[in-house]
Amino acid sequence: MAIALSHSRAAADRPAGVGRRRGAVGSRAGALVVLVLVGLSLLTGAARADVGEKIIERCTHGQSISGFSQQAYRRALQELPTEVEEYSDCANLIRRAQLAAAGGRGGSGAGAPLVATPLTNSERRALGRVPKTGAAPLRVGGKLVAPGVVHANVASALSSLPDPLLALLAFLLACTLALGGREIGRRVRAYRSD
């Protein structure tokens with residue numbers, strides 16, 4: 001209790017604002033340290049997020065994609081845009097680089113040439129026995145399936161079209177109906193006047 005009284009007297013004897021200023025400077029420094037730490041964590045998070053994009057960019061430009069971590073390759077495969085996946089071999093190149101990084105047999109990334117393995121004699125004979133066309137229909141799941149025949153459903157064909165093309169088709173149909181209705185009306189009026 002004597003210690004508490006001596007501290008309270010010392011605080012009362014000090015000039016006004018001395019204790020507060022020291023606390024304010026300490027809280028400002030603490031806030032500055034917290035802001036710096038938050039900023040650094042955001043920068044490292046952004047750097048980690050950009051690794052996938054960096055791999056994809058290097059792959060699409062034909063540069064080597066080796067030397068990244070497994071997590072970076074997984075992230076690149078998750079972030080791979082549909083267009084890049086459809087129109088390039090980047091997904092396979094990233095997977096091969098991922099295998100190479102894991103110690104498996106794979107290429108070194110983009111630019112690694114694929115070597116064709118020549119066919120053996122037995123493989124050539126087997127390919128010669130494969131019919132080129134005219135395979136007989138097979139029964140699959142109780143239904144007769146003919147190779148090469150695609151049964152198109154109009155609803156599925158229309159639903160697979162892109163939205164702008166559907167809008168254009170709807171517009172053309174509306175124009176055709178308007179012009180057809182106008183022509184029918186003109187002919188009806190001409191018939192009545194005769």
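1. Leu172 lies in helix H8, which spans residues 163-193. Helices here are DSSP runs of H or I with at least four residues, numbered from the N terminus. Leu172 is partly exposed, at a relative accessible area of 43%. The scale: buried is under 20% relative accessible area, exposed is over 50%, and partly exposed is in between (1.4 Å probe, protein chains only). Together with Leu165, Leu168, Leu169 and Phe171, Leu172 makes a nonpolar surface patch of about 450 Å². Patch members have over 30% relative accessible area and no salt bridge; nonpolar side chains (Val, Leu, Ile, Met, Phe, Trp, Tyr) are joined within 5 Å, like charges within 9 Å. Areas come from the Shrake-Rupley method with a 1.4 Å probe, and for residues only the protein chains shown count as cover.

2. Basis. This is a predicted model: local features need pLDDT of at least 70, side-chain atom pairs count only at pLDDT 80 or more, and totals for chains, interfaces and linings use all residues. Residues are numbered from 1 along each chain as its sequence is written, and side-chain values use heavy atoms, with hydrogens and water left out.

3. A salt bridge needs a side-chain nitrogen of Lys or Arg within 4 Å of a carboxyl oxygen of Asp or Glu. The count by this rule is three. Glu183 pairs with Arg186 at 2.5 Å, N to O. These two are three residues apart in helix H8, so about one helical turn separates them. Glu183 also bridges to Arg187, with the closest N and O atoms 3.1 Å apart. Shared partners join Glu183, Arg186 and Arg187 into one network. Glu183 is partly exposed at 27%, as is Arg186 at 45%. Arg187 is exposed at 57%.

4. Arg75 and Glu79 form a salt bridge, with closest N and O atoms 3.1 Å apart. They sit four residues apart in helix H3, so the separation is about one helical turn. Arg75 is partly exposed at 33%. Glu79 is partly exposed at 29%.

5. Core. The largest nonpolar core has 15 residues; Ile55, Ile65, Tyr73, Leu80 and Ile94 touch the most other members. Helices H2 (18-60), H3 (70-79) and H5 (90-101) each give two or more residues. H5 gives the most, with five. Such a core is a set of buried Ala, Val, Leu, Ile, Met, Phe, Trp, Tyr and Cys residues joined through side-chain atoms within 4.5 Å.

6. Ile55. Beyond four places away in sequence, Ile55 touches Ile65, Phe68, Ala72, Tyr73, Ala76 and Ile94. Contact means heavy atoms within 4.5 Å.
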